[in-house]
Amino acid sequence: MRTAVAILAVALAAQADLKVRTPTVVVQANATGVVQALRPASSNTTLTAVPGVKVGHHTLTERPTGCTVILTEAGATAGVDVRGAAPATRETDVLSPVGIVQQIHAITLSGGSAFGLDAASGVMKYLEEKGIGFPFGGAHVPTVPGASLFDLIVGDPKIRPTADCGYQAAKAATDAAVAEGNVGAGAGATVGKTSGRLDRAMKAGIGSAAITMPDGLIVAALVAVNAAGDIIDPATGKVVAGVRTPDGAGFADARVLLRSGAPRGGRAGENTTLGVIATNAILTKTQAMRVAQMAHDGFARAISPSHTPVDGDTIFAIATGAKAGTADAGLIGALGAEVMADAIVRAARQATGIPGFPAARDLKRP
């Protein structure tokens, strides 16, 4: 009985703390054997909950835009799955299971559309200076795949992430809890553009979440949300952020607009949601790719519509291999979809409004 009371106390304390913490879940059984999901009151609840993973942001506040770097300096197995029809990516071919490259050292996410891919060069420079990468002729060649989202509609489009942005983000990377909201690659991210009207869109940003299983398996997600569609909380089915009503005071609900036959908007290439799944398990490249594929279910649960012709949706999956033993890629992929959906919702809720693009926190709730 005392165990059940203690578990309930932890759960209630965690529930009170949810407004300021990400939704990491620790799964365990109570005194009666019923499995419960608890949220610890104090722990790193983001992508860096996975040992060996560091995250750094660099934000160009004058636009805003920026880049986010995920460092795996000791190397990590990686896979990728690109679902959107308008991606801006680099070094994704090396992640193919038939490719010779077996380990990556960082992933770079950035704003600035295809221009923002330059940020990865700065990350390579940072890693080379630390002697990280494939040794060749006295030098080192790090493997740094990346992807960019289209945020040029926000502010001055001439202000874009450069190689220095990537270098500074890599330099700032730590294993501390990931900063969320209007930072890094999410600084200029927006959502709710299916009406074709930017004056009815909203602000989103960076979100992160993680889950820890009883055997020590950790699966975590980080996402930069710049979707054409609405953000939906899977737990309630309600819109968190998205296309607003003509008066700007409420949600039009992209699902309702779709079923009503209302004209659809959104120009090709101007939307992209970029995600990363990380785990401490041992995975092959084929398994990592499968995890990335399954994690896209998280996009479908929390973004409506998702994977459209005007989005460049991309998910990377990385495995550090710190947890020994045979991994269940199907389980990791399923958990990846769960935490990805959580991270997407957090990206909307943690965002702060900017001129022309209010955030979820700015709209009055009924």
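How many disulfides does a search of the whole structure find? The search finds zero. The model is a predicted one, and the answer applies to the structure as predicted. A disulfide is a covalent bond between the sulfur atoms of two cysteines.

Helix 6 comes next. Helix 6 covers residues 329-349, 21 residues in total. From its first C-alpha to its last, helix 6 reaches 30 Å, which is close to the 30 Å expected at 1.5 Å a residue. At the N-terminal end, helix 6 is capped by Asp-328. A side-chain oxygen of Asp-328 lies 3.0 Å from the backbone nitrogen of Gly-330.

A pair of helices can be followed in another part of the chain. Two packed helices are described by the angle between their axes and the distance between the axes. Helix 2 spans residues 119-129 and helix 3 spans residues 163-172; their axes come within 6 Å and cross at roughly 45 degrees. Because of that angle, helix 2 is oblique to helix 3. The crossing of helix 2 past helix 3 is right-handed. Lys-125 is located in helix 2. The relative accessible area of Lys-125 is 47%, so this residue is partly exposed. Lys-125 and Ala-170 are 45 residues apart along the chain, and their C-alpha atoms are separated by 9.6 Å.

Another pair of residues brings in a strand. Thr-279 is found in strand 16, residues 272-279. With 1% relative accessibility, Thr-279 counts as buried. Between Thr-279 and Thr-320 there are 6.5 Å in space, C-alpha to C-alpha, although the two are 41 residues apart in sequence.

The backbone has some features to check residue by residue. Most residues other than glycine have a negative phi, and most peptide bonds are trans. Which residues does a cis peptide bond with omega of about 5 degrees join? That bond joins Arg-63 and Pro-64. Pro-64 sits in the loop between strand 3 (54-60) and strand 4 (65-82). Another cis peptide bond runs from Ser-304 to Pro-305, with omega near -10 degrees. Pro-305 is placed in the loop between strand 17 (303-304) and strand 18 (314-319).

The loop between strand 17 and strand 18 also holds His-307. His-307 is not a glycine, yet its phi is positive, at about 55 degrees. The relative accessibility of His-307 is 24%, so His-307 counts as partly exposed. Glu-91 likewise has a positive phi, near 60 degrees, and is a residue other than glycine. Glu-91 belongs to the loop between strand 5 (89-90) and strand 6 (104-110). Its relative accessible area is 32%, so Glu-91 is partly exposed.

Key:
Residues numbered from 1 in each chain as written. Predicted model: local features only at pLDDT ≥ 70, side-chain atom pairs only at ≥ 80, totals over all residues. Heavy atoms only, no water. Helix = DSSP H or I, 4+ residues; strand = E, 2+ residues; numbered from the N terminus. Expected span 1.5 Å × (residues − 1). Polar contact = N/O pair within 3.5 Å; in protein donor to acceptor, adjacent residues only side chain to side chain. Disulfide = S-S within 2.5 Å. Axes fitted to C-alpha atoms, helices over the stretch in contact; angles between N-to-C directions. Parallel < 35°, antiparallel > 145°, perpendicular 65-115°, else oblique. Left-handed = near helix turned anticlockwise from the far one by under 90°. Buried < 20%, exposed > 50% of the residue type's maximum accessible area, 1.4 Å probe, protein only.
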